[in-house]
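Thank you all for coming; I would like to take a few minutes to walk through one model with you.

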Amino acid sequence: MRLLVTANEGTSQLVADECSALDLRVGKVRWDGVELTGGFANVAKLLVWLRVGERVLVHLHTFDCRDARDLYEGTREAKWLEWVDSSATVGVVATGKLPGDRKSPHALRTHVFAAQKVKDALVDELRGAFGHRPDIELRDPDVQVIVRFFGNRCSLFLDASGAPLHRRGYRFTGVEAPVSETLAAAILADTGFARGDRLVDPMCGSGTIAIEAAMIHAGLAPGAERAFGIERWPVRRREVRKALDRVRKDARARRRALKRPKDRPILASDIDPQAVAATRQNARTAGVEGLMRIVEADARELKAPAARTHITTNVPWGERIGEELEALYGDMGKRVASFDGCRLAVLSGHEGFVDAFGLRPDRTTELRNGRLDVRLHHYDIGANDRDANDRDANDRDANDRDANDRDANDRDANDRDESAEQTASS
Ligand SMILES: C[S@@+](CC[C@H](N)C(=O)[O-])C[C@H]1O[C@@H](n2cnc3c(N)ncnc32)[C@H](O)[C@@H]1O
């Protein structure tokens, strides 16, 4: 099977990296995701283990498409009967820039119209094969067909994920402006947060970043307990079930083996008691409450965590007047400036964040939170001082080495002189 793992804007390389870490051979890395090949075992692994990837699509067909006639004919060419029969409910959604001349009588003017054309061709195909048509279901179909347009090319996919992978199923209680679970995982991947690492999110909101961190810390699969679209496809059910059962069994065994650590590696705090309650509830549902300390606290009074701890957070924005917000950023910047050895990453959608925060980021990653442009600023606190110290230490070492070399040379010279004298006198 040819697969496409879709990625939120700016995260394709992170998705490629996580696919490689799952021992899957990555093909082309595209702006909208990552191409791979594989059987049901790979699909199951992706569905259960992907943290950053948004959907797993099975590729059916790609063809030239300039108008509605091309779309109908191209859709009829796909090998539908390998995947669908008329017992399943079917839905079609179309995305991407619509091709061709909009003035033509066969123009594809809207995505809804394009989706209808694909649905017509699919219904005709199945009616021809089985004698009756499948039911069309827009909201929650058994088989979700995805039509993607790229220039004058069109690709048809089946969505193996069903609900997008960011719907892990643990976040029932929310706060204003949460990040999605896949964006939280992308943020963590971009900071290099890895198994066994420690994290503080001092503005945790509904706890998404901290909960994703807890799962990574303990090596827990984000999709072990949820259902996937591919399980409702009417054909090849046994193969699919077998592949998913195997991956889920392994993932669940890891969760059962999880030991509650004495000192909890993930700290989530927020000034708003409702956010703290939401984080606690969500962490419990995700099964990681035992790895987390969840408290009500003001980020401006955050205490320095142990060295090498990640401080990763998503600061508030937009909900207050600019000055108040910038004062908060400034206070936080001053607070964390002395946390030597910490790796800080702050996600912000506020233009003036960097100036108000008062620290110069080592690097910045552009991301999207839904429809919003956001930036993830990375700071290696104390790194400049550490670099300077390291340089001083290196200089000192080099001086010591020079001094030792000089001593050794002097000793050699003395030895040579002595032996020369001995030779001369003997
Ligand atoms: C953008 S939200 C974080 C959303 C979170 N990433 C999530 O996925 O739900 C920002 C949070 O900062 C919190 N906050 C604002 N001022 C704070 C302060 N001084 N100390 C701690 N938390 C604060 C707000 O209560 C809010 O929950």
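**A helix and its surroundings**

What covers the buried residues of helix 5 includes helix 1, helix 6, strand 11, strand 12 (343-348), strand 13 and strand 14. Before I go further, please keep in mind that this is a predicted model. Helix 5 itself spans residues 181-191, and because 11 of its 11 residues are buried, it is largely enclosed by the rest of the structure. Among those buried residues are Glu181 and Asp190, together with Leu183, Ile187 and Leu188. Directly after helix 5 comes Gly192, which has a positive phi, near 85°.

In what order do the strands of the open sheet of seven strands run? The order is 10-9-8-11-12-14-13, and the pairing is mixed. At the edges we find strand 10 and strand 13 (363-369), each of which pairs on one side only. On average, and with direction ignored, neighbouring strands of this sheet are turned by 15° against each other. Helix 6, residues 208-218, packs on the sheet, where it touches strand 8 (199-201), strand 9 (266-270), strand 10 and strand 11, and its direction makes about 175° with that of strand 9. Helix 8, which covers residues 273-286, lies across strand 9 and strand 10, and runs at about 160° to strand 10.

I would like to close with two backbone details. As a reminder, most residues other than glycine have a negative phi. Asp23, although it is not a glycine, has a positive phi of about 65°, and Arg308, also not a glycine, has a positive phi of about 75°. Where is Asp23 found? Asp23 is in the loop between helix 1 (12-21) and strand 2 (26-30), while Arg308 has its place in the loop between strand 10 (292-296) and strand 11 (310-314).

Why is Asp23 classed as exposed? Asp23 is exposed because it has 8 other C-beta atoms within 10 Å, where the cut-off for an exposed residue is 12 or fewer. For Arg308 the count is 10 other C-beta atoms within 10 Å, and so Arg308 is exposed as well.

Technical notes:
Residues numbered from 1 in each chain as written. Predicted model: local features only at pLDDT ≥ 70, side-chain atom pairs only at ≥ 80, totals over all residues. Helix = DSSP H or I, 4+ residues; strand = E, 2+ residues; numbered from the N terminus. Buried ≥ 20, exposed ≤ 12 C-beta atoms within 10 Å, placed from the backbone. Pairing = 2+ DSSP bridges. Axes fitted to C-alpha atoms, helices over the stretch in contact; angles between N-to-C directions. Contact = placed C-beta atoms within 7 Å.
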